[in-house]
Amino acid sequence: MMGPAHSLSGAAAWLGVGAAAAALDRPMPWPVLLAGALICAGAALAPDLDHKAATISRAFGPISRNLCEIIDKLSYAAYKSTRKPGDPRRSGGHRTLTHTWVWAVMCGAGAAGICVWGGRWGVLAVLFVHMVLAIEGLLWKAARMSSDILVWLLGVCSAWMIADILDKPGNGSDWLFTEPGQQYLWVGLPIVLGALVHCIGDALTVSGCPVLWPIPIGRKRWYPIGPPKGMRFRAGSWVEIKVLTPVFMVLGGIGALGGLGFLG
């Protein structure tokens, strides 16, 4: 799928988690619901850091462009070193390592660690990256017409405001993980979810997605999971724009109402 649909599906997924948490009597404070939806929307773009034309590869100027080259080479190396006889030969790393559950968990755990051990500046760094990505994904038309600096400034302001709100007692810095020193540990969850939602979205397209790596399936370790080929679509096709995008909007709205307690 394309960036906007990935981001929208990520936001909808976290809002759905918020509705489920409320139904299980572990409701999220509204700042967690909002911040998590934006983080998840940003994280849903992150797996495409292995592709030089992707939104995330252009979002942070030369930093993300250079990182993209490194991740592509790392992903290709992982593919070559672990492929089985049934896996085809390829020349690049797109839709390999970063499109797996292993990468999703690593990113979530890493971000949670930065938040817990990095203190306020660690939280701000994680929020800033994901706020910029959420802006690029959810407001992509405005972001394309604006300069990178304006998007970064909006990301900084959003990250600072959200951190200030979450820091207030009862607003959710310790949601779900309540022991001393575990504030913001939950931030890893929307990051894992966003990456997995990205993989599920790509699995619906023609190429499929090797999300289960390194679990072997038949003669392949990088098996492209997906529905039957007749049910798949091309990225950016009318199915994505005319069908899935409105569905994500509706599901996100229902999830928000449920997470805020209006449906129970």
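Is Trp 117 buried or exposed? Select Trp 117 and show its surface: at 75% relative accessibility, this tryptophan counts as exposed (over 50% relative accessible area is exposed, under 20% is buried, and anything in between is partly exposed, with a 1.4 Å probe and protein chains only). Trp 117 belongs to helix α5, residues 101-117. Helices here are DSSP runs of H or I with at least four residues, strands are runs of E with at least two, and both are numbered from the N terminus.

Before moving on, a word about the model. This is a predicted model, in which local features need pLDDT of at least 70 and side-chain atom pairs count only at pLDDT 80 or more, while totals for chains, interfaces and linings use all residues. Residues are numbered from 1 along each chain as its sequence is written, and side-chain values use heavy atoms, leaving out hydrogens and water.

**Stop 1: across the model**

**Stop 2: a nonpolar surface patch**

Now select Trp 30, Leu 34, Trp 238, Val 243, Val 247, Val 250, Leu 251, Ile 254, Leu 257, Leu 260, Phe 262 and Leu 263. Together they form a nonpolar patch on the surface with about 1200 Å² of accessible area. Patch members have over 30% relative accessible area and no salt bridge; nonpolar side chains (Val, Leu, Ile, Met, Phe, Trp, Tyr) are joined within 5 Å, and like charges within 9 Å. The areas come from the Shrake-Rupley method with a 1.4 Å probe, and for residues only the protein chains shown count as cover.

Colour by helix next. Both α2 (30-43) and α10 (238-259) supply at least two residues of the patch, and α10 gives the most, with seven. Zoom in on Trp 30 in helix α2: this residue counts as partly exposed because its relative accessibility is 48%.

**Stop 3**

The structure holds one cavity of 30 Å³ or more, and about 40 Å³ of space lies in the largest cavity. On a 1 Å grid over the protein atoms alone, a cavity is a set of points where a 1.4 Å probe fits but cannot get out, and lining residues have an atom within 4 Å of a point. Grid points are joined across faces, edges and corners, and the volume is the space filled by probe spheres set on them.

Which helices supply at least two residues each of this lining? They are α2 and α8 (148-167), with α2 giving the most, four residues. By class, the lining has seven nonpolar, no polar and no charged residues (Ala, Val, Leu, Ile, Met, Phe, Trp, Tyr, Cys and Pro count as nonpolar, Asp, Glu, Lys and Arg as charged, and the others, Gly among them, as polar).

**Stop 4: salt bridges**

How many salt bridges does a search of the whole structure find? The search gives three, each being a side-chain nitrogen of Lys or Arg within 4 Å of a carboxyl oxygen of Asp or Glu.

Select Arg 120, Asp 164 and Asp 167, which are linked in a network of salt bridges. Arg 120 meets Asp 164 at 2.7 Å, N to O. Asp 164 lies in helix α8 and Arg 120 in helix α6 (residues 119-138), so this pair ties together parts that are 44 residues apart in sequence. Arg 120 also meets Asp 167, at 2.8 Å from N to O; here α6 is linked with α8 across 47 residues. Colour the trio by accessibility: Arg 120 is partly exposed at 31%, Asp 164 is partly exposed at 33%, and Asp 167 is partly exposed at 39%.

Next, select Arg 95 and Asp 202, whose closest N and O atoms are 3.3 Å apart in a salt bridge. Arg 95 lies in the loop between α4 (62-82) and α5 and Asp 202 in helix α9 (residues 188-203), so the pair ties together parts 107 residues apart in sequence. Both Arg 95 and Asp 202 are buried, with Arg 95 at 16% relative accessibility.

**Stop 5: backbone details**

Leave Arg 95 on screen and look at its backbone: phi is positive, about 60 degrees, although this residue is not a glycine. Then go to Asp 25, in the loop between α1 (3-23) and α2. Asp 25 has a positive phi of about 65 degrees and is not a glycine either; at 63% relative accessibility, Asp 25 counts as exposed.

Finish at Pro 214, in the loop between α9 and α10. The peptide bond leading from Trp 213 to Pro 214 is cis, with omega near 10 degrees.

Conventions:
On a 1 Å grid over the protein atoms alone, a cavity is a set of points where a 1.4 Å probe fits but cannot get out, and a pocket is an open set with protein on both sides within 12 Å along at least five of seven lines; lining residues have an atom within 4 Å of a point.
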